[in-house]
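The report below takes up selected packing features of one model and gives the cut-offs along with the terms.

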Amino acid sequence: MTTSRMPRLEQVFGTRIDLLDWPAIEAVAESRAPEAVDLDFKQSHYGNSDKDKRELVLTKDVAAFANTSGGVIVIGVAEKDGGANAIPPVSLSDGDITRHH
């Protein structure tokens with residue numbers, strides 16, 4: 001599978017996006033990296049309630065990236081004042097993975 005390259009984000013994370021790992025995400029959070037047009041932090045998973053499904057929040061965020069030059073949504077990194085702030089514990093179920101794909 002061919003992966004699109006994102007030079008700016010690769011610089012932010014210090015690695016190719018398709019090779020992102022936990023230490024790279026921790027480093028970005030510790031450095032308080034700012035959100036940008038191609039980078040969005042979410043403290044927790046997108047909701048799975050009927051209201052969340054109606055509002056299509058995940059779909060809207062993905063569409064926003066698709067309508068520009070692409071980007072990365074990092075789930076599990078809290079944001080404060082426009083930048084990464086902390087890494088709170090987030091559980092990840094098979095259902096979450098399926099829904100996000």
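## Glycine 76

Glycine 76 is placed in the loop between β2 and β3 (78-80), where helices (H or I, at least four residues) and strands (E, at least two) are DSSP runs numbered from the N terminus. The model is predicted, with local features requiring pLDDT of at least 70 and side-chain atom pairs counting only at pLDDT 80 or more, while totals for chains, interfaces and linings use all residues. Residues are numbered from 1 along each chain as its sequence is written, and side-chain values use heavy atoms, with hydrogens and water left out.

With a relative accessible area of 7%, glycine 76 is buried (under 20% relative accessible area, against over 50% for exposed and partly exposed in between; 1.4 Å probe, protein chains only). Leaving out residues up to four places away in sequence, glycine 76 touches Lys42, Gln43, Ala86, Ile87, Pro88 and Val90, contact meaning heavy atoms within 4.5 Å. Its C-alpha atom is separated by 7.5 Å from that of phenylalanine 41, 35 residues apart along the chain.

## The largest nonpolar core

The largest nonpolar core has 13 residues, and those with the most contacts inside it include Phe41 and Val77; such a core is a set of buried Ala, Val, Leu, Ile, Met, Phe, Trp, Tyr and Cys residues joined through side-chain atoms within 4.5 Å. At least two of its residues come from each of α1 (7-13), α2 (22-30), β1 (39-42) and β2 (72-75), and α2 gives the most, with 3 residues.

## Helix α4

In helix α4 (residues 57-66), the buried residues are Leu58, Asp61 and Phe65. They pack against β1, β2 and α5 (94-100).
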